[in-house]
Amino acid sequence: MNQTVVNTTNAFRPKSEALQLLIDRGFMHQTTDLEALDAKMVEGPITAYAGFDATADSLHVGHLLPLMAMRWMQKLGHKPILLVGGGTTRIGDPSFRTESRPMLDDTQIAHNLAGISKTVERLFDLSEGEGRIVNNAEWLDEFRFLEFLRDFGSNFTVNRMLTFDSVRSRLEAQQPLTVLEFCYMMLQAVDFVELSKRFDCSLQIGGSDQWGNIVNGVDLGRRAGKQLFGLTLPLLTTAGGSKMGKTAQGAVWLNSDRLTVFGFWQFWRNTADADVARFMKLFTDLPLSEINRLAELKGAEMNEAKKILATQVTGIVHGLDAAQSAMEQGEALFAGNVESSEPTHVMPLARLATRIGLLELMVDTGFANSNSEARRLVRSGAVRINNTLVMEEDRAISEGDISAGDRLVIAVGKRRKALIAFK
RNA sequence: GGAGGAGUGCCCGAGUGGCUAAAGGGGACGGACUGUAAAUCCGUUGGCUAAGCCUACGUUGGUUCGAAUCCAACCUCCUCCA
């Protein structure tokens, strides 16, 4: 892999506070030339970037890992650049995917960028000189084909591009890989170099699946006379061994219009015991000493630690007030005092007048993806209204189900509950 | 350019004219047990205005009373030959 040095982080003790913290909290997977990076970071603040494709109008928990890593960088004096792939989204990163991503048009991309920015703005200080959001369409849109080939084409060999896992896996899976997608890695490399020219950015942070793309950028930088660095994050799995962040209802979104704040809080509240400490290190700002203390909790006491985890993460993503309120909703729904808490869902009173069906309500609150799924859940004895088991699939919700003025509690299974207010 | 093989549900993977909404496994969800945990056991796992109907086995057509299964063309991939 040319002169790119790959370090494992076992032995090395960096002098940089930020690097040490990233290692201690479990963010570090691989880096290029760790010692040189450390030296540079000790010398003074550096600028680092992480990229996000604009494939949806919200980021999800999978993106939270690079966001948190970048956030620590900023807290410890470095400058973050959050790159949104307005340009690259039009192509689609083929990495480790068996199928092409759909191509999006400009209107959709603009819409998605706005949604993503909402989250980023909350997580970072984006004031002048502190941090910034950048859209790579700014330069990628400008390139003319021949010019691009002349400037960058000679720095990439197909021989080497073919050796990257991201490409090979697609080839070995016998799935088509278009030239369009193949060129994605060039664009990401160009992004990195462009950011280094424009903002003196010298570090790229990304998921472990980005390693190949990142190294490409580092190598391209060297040819342009710049020393760039890459750092990848571990692939996150749950203690159960599955990929983190998937639920039956789909991705765990960071925007509240995609997933309620309470739903987000619940996701974290339901973390497995074995994951609590690790997730606290990665997804909260709690000091390690506090995390270690909480990790000592035994048995059912661990539930307290989970509430802290949930409220901390929710606080970072949705704000402290919203997180506090989500925690109270959790207490209310699971302890049973329905009157005092904010509802998790609000529905127009008119829905009640037309006798909304139970199945419909389950779909509307996101507990089921289809009427069929809702029906199955009712049949299997999973659904309770106001704590009373309901077995009739065609049950309609009426005023008799309402308590405390406008409240209705619906539970699906033991851990999914909603407090609905009809207003 | 020629010969042969392959493309199945969220994923892996059986099936080779009706008994197939499609075996089995994984994942996910639900139930029991618990602590809104793990492990274990049981169940469910395309949609709908639901004892009926609709959509699905790379794409488009065709044969047949009837096709994931047979035929043709096309797309993509693999292997061998040139």
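Select Arg 407: at 9% relative accessibility, Arg 407 counts as buried (buried means under 20% relative accessible area, exposed over 50%, partly exposed in between, with a 1.4 Å probe and protein chains only). The model is predicted: local features need pLDDT of at least 70, side-chain atom pairs count only at pLDDT 80 or more, and totals for chains, interfaces and linings use all residues. Residues are numbered from 1 along each chain as its sequence is written, chains are lettered from A and ligands numbered from 1 in the order in which they are written, and side-chain values use heavy atoms, without hydrogens and water.

**Stop 1: Arg 407 and its sheet**

Arg 407 lies in strand β13 (residues 407-412). Helices (H or I, at least four residues) and strands (E, at least two) are DSSP runs, numbered from the N terminus. A salt bridge is a side-chain nitrogen of Lys or Arg within 4 Å of a carboxyl oxygen of Asp or Glu. Asp 406 also counts as buried, at 16% relative accessibility.

Now show the open sheet of five strands, in the order β10-β14-β13-β11-β12, with mixed pairing. Its edge strands are β10 (345-347) and β12 (388-389), each of which pairs on one side only. Two strands pair if DSSP finds at least two bridges between them. Strand β11 (residues 383-385) pairs with β12 in the antiparallel sense over two bridges. Select Ile 385 and find its bridge partner in β12, Thr 388.

**Stop 2: strand β7**

Select residues 229-233, which make up strand β7; five of its five residues are buried. In a regular strand the side chains alternate between the two faces of the sheet. Phe 229, Leu 231 and Leu 233 point one way from β7, and Gly 230 and Thr 232 point the other way.

Which strands pair with β7? Strand β2 (residues 30-32) pairs with β7 in the antiparallel sense over two bridges, and Gln 30 has Thr 232 as its bridge partner. Strand β6 (residues 201-207) runs parallel to β7, joined by five bridges. Ile 205 stands opposite Leu 231. Follow the chain from β6 through helix α11 (residues 211-223) to β7: this β-α-β crossover is right-handed. That is, with the strands pointing away from the viewer, the path from the first strand over the helix to the second runs clockwise.

**Stop 3**

Select helix α12 (residues 261-269), where eight of the nine residues are buried. Among them are Trp 265, Gln 266 and Arg 269.

At 39% relative accessibility, Leu 149 counts as partly exposed. Phe 145, Leu 146 and Leu 149 form a nonpolar patch on the surface, with about 360 Å² of accessible area together.

**Stop 4**

Asp 285 sits in the loop between α13 (276-283) and α14 (288-295), and Lys 75 in helix α3 (residues 61-75), 210 residues apart. Asp 285 is partly exposed, at 24%, and Lys 75 is partly exposed, at 46%.

Then select Glu 304 and Lys 307, whose side chains meet in a salt bridge (3.4 Å, N to O). They are separated by about one helical turn because they are three residues apart in helix α15 (residues 302-318). Glu 304 is partly exposed, at 44% relative accessibility, whereas Lys 307 is buried, at 18%.

Last, select Arg 375, Arg 379, Glu 393 and Asp 394, which are linked in a network of salt bridges.

Technical notes. Patch = residues over 30% accessible without salt bridge, like charges linked within 9 Å, V, L, I, M, F, W, Y side chains within 5 Å. Areas by Shrake-Rupley, 256 points an atom, 1.4 Å probe, with all protein chains shown as cover.
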